[in-house]
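Visitor: Please show me the structure, and let me ask about its parts one at a time.

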Amino acid sequence: MIPPTKSKYKSMAGRYKLNNPSKYTGKQLPIFKSKLEAKLMLYLDMNPNVVSWSYEPFAIGYFDPTAKRNRKYFIDFVAEIKDNKGRVFKYWIEAKYKGEAKKPGKSYKNINRALENTKLYMTNSAKWSAAKAMARRQGAEFIIITEDFFSNKTVRAAKKRVQQN
């Protein structure tokens, strides 16, 4: 990876240096906007079961209920991944921290933060509904990956599921 720079995402950003450029199908080198995206890029790049992957390959139109207008949403990743039987599945992947991917709780301590979190969740839900529908029409599955994906417990469970198929 190229050294990260600061970004508005309160995390890190930088250009990812490909280890397996033949697997990457994007038009430009990927630029991660968070530590989570950087981890996922490394995972997709180095995992032998990943046939191909790209970063922000296209936009999906959706209606933003908080802004009350149509907008474009760029899918974070598209990946083709083979299972242990050699079958290839296509995934549209959103990398999102857990706190941004779940419905906000009922917190009245800070009403402004609660309102901001609710608006973010409503916008994300609209994006993800549009992505799920379009992915299904194109024979892909839309998934949201959080930091839990990289925990040992999650990796073991995923490996177990693959071995059972």
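Visitor: Which residue in E5 is the bridge partner of Asp64?
Guide: This is a predicted model, in which local features need pLDDT of at least 70 and side-chain atom pairs count only at pLDDT 80 or more, while totals for chains, interfaces and linings use all residues. Residues are numbered from 1 along each chain as its sequence is written, and side-chain values use heavy atoms, with hydrogens and water left out. Strand E4 (residues 59-64) pairs with strand E5 (residues 69-74) in the antiparallel sense over 6 bridges, where strands (E, at least two residues) and helices (H or I, at least four) are DSSP runs numbered from the N terminus, and two strands pair if DSSP finds at least two bridges between them. In E5, the partner of Asp64 is Arg69.

Visitor: Which residue in the turn between E4 and E5 has a positive phi?
Guide: E4 and E5 form a hairpin, with 4 residues between the two strands. The residue in that turn with a positive phi, of about 55 degrees, is Lys68.

Visitor: What is the order of the strands in the open sheet?
Guide: The sheet has 4 strands with mixed pairing. E3 and E8 each have a single partner strand, so they stand at the edges and one side of each is left without a neighbour in the sheet. E3 and E6 run antiparallel, joined by 5 bridges, and E6 pairs with E7 in the antiparallel sense over 6 bridges, whereas E7 and E8 pair in the parallel sense over 5 bridges. The order is therefore E3-E6-E7-E8.

Visitor: Which residue in E8 is the bridge partner of Ala95?
Guide: E7 and E8 are the strands that pair in the parallel sense. In E8, the bridge partner of Ala95 is Ile145.

Visitor: What angle does the direction of H1 make with that of E3?
Guide: H1 packs on the sheet and touches E3, E6, E7 and E8, where contact means heavy atoms within 4.5 Å. Axes are lines fitted to C-alpha atoms, for helices over the stretch in contact, and angles run from 0 to 180 degrees between N-to-C directions. Taken in this way, the angle between H1 and E3 is about 150 degrees.

Visitor: Is Ser34 buried or exposed?
Guide: Ser34 is found in the loop between E2 and H1, and a polar atom of its side chain lies 3.1 Å from the backbone nitrogen of Glu37. Buried means under 20% relative accessible area, exposed over 50% and partly exposed in between (1.4 Å probe, protein chains only). With a relative accessible area of 9%, Ser34 is buried.

Terms used:
Polar contact = N/O pair within 3.5 Å; in protein donor to acceptor, adjacent residues only side chain to side chain.
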